[in-house]
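Here's a quick briefing on a protein model and the contacts its side chains make. Have a look at the structure first, then work through the points below.

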Amino acid sequence: MGIFKRLSDLLKSNINDLIDKAEDPEKMVKQIIIDMQQELTKATQNYGKAKASERLAEKKYLEAKKVSESWESKAKAALSQGNTDLAKQALAKKVKVDEDVAAYKEMYDSISAQTEAIGDQVEVLKSKLDEAKARQAMLIARSQMAETQKNLAKSTGGFDGASALEKFNRMEEKIQRKEAEAAAFTEIAGAGEDAELEESFEKIEAETKVDAELARLMAEMGGSVSDDTAQ
């Protein structure tokens, strides 16, 4: 039936496949729900029309059957009175009406079968719609997680861990060289201070020796040192 072509496509399609092909899976999932709801509304409306047609066909069938039974009853009454001709006339009417009964019965059976099929399809669509609604939140959550992972992969895709580590190593080497240079300068500066201090002590020692020699000579000479020499 043409009105169920869209319904058939939806029922046969794999929702995950549709999501994979969609530019925006979240919108696609929501649109599927909307489409299925619309199809359910249309199907329900057509089911109502089919039921109305079924009731009308049944009514005509029952009415025709009642007329047939009425003519048969009249034929029996005529025969009970011995009026064969009148009975035959009643039966002729019944035969004609029976053709309508058969036609209405066939129409009723056909419409009834179609109505039942439409009702079954409506129930299937209801079931599928309920299933889709139940899965909607899960599918949207999965879509959002996949999008997050994709964006994360994009942001880290251009990051070269080995290259970054190599840069860190080079930087560490530079820092180590600076530290070694600083230690060397400190050591040199310390050595210079020690040399200066040592030189001072040597000078004092030399002056002490000179003073001792001077005192010795003065003692030997009996303290006779001219003013000029003392000075």
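Let's start with K128, which counts as partly exposed because its relative accessibility is 33% (partly exposed lies between buried, under 20% relative accessible area, and exposed, over 50%, with a 1.4 Å probe and protein chains only). Keep in mind that this is a predicted model, where local features need pLDDT of at least 70, side-chain atom pairs count only at pLDDT 80 or more, and totals for chains, interfaces and linings use all residues. Residues are numbered from 1 along each chain as its sequence is written, and side-chain values use heavy atoms, leaving out hydrogens and water.

**Salt bridges**

- Side chains of opposite charge can pair when their charged atoms come close.
- How many salt bridges does the count come to? It comes to ten, where a salt bridge is a side-chain nitrogen of Lys or Arg within 4 Å of a carboxyl oxygen of Asp or Glu.
- K128 has a salt bridge with E131, at 3.9 Å from N to O. The two sit three residues apart in helix α4, so about one helical turn separates them (helices are DSSP runs of H or I with at least four residues, numbered from the N terminus).
- E131 is partly exposed too, at 35% relative accessibility.
- K94 and E72 also meet in a salt bridge, again 3.9 Å from N to O. K94 is in helix α4 and E72 in helix α3, so this pair ties together parts that are 22 residues apart in sequence.
- K94 is buried, at 16% relative accessible area, while E72 is partly exposed at 32%.
- Over in helix α5, E205 and K209 are four residues apart, about one helical turn. Salt bridges that share partners join E72, K76, K94 and D98 into one network.
- The E205 and K209 side chains form a salt bridge as well, at 4.0 Å from N to O. E205 is partly exposed at 46%, and K209 counts as exposed at 53%.

**The aromatic pair**

- There's one aromatic pair in the structure. Its rings belong to Y61 and Y108, with centres 6.3 Å apart and planes at 5°, so the pair is stacked (rings of Phe, Tyr and Trp, its six-membered ring, pair if their centres lie within 6.5 Å; planes under 30 degrees apart count as stacked, over 60 as edge-to-face and the rest as tilted).
- This pair links distant parts of the chain: Y61 is in helix α3 (residues 25–80) and Y108 in helix α4 (residues 84–157), 47 residues apart.
- Buried or exposed: which is Y61? Y61 counts as buried, at 13% relative accessibility, and Y108 is buried at 18%.
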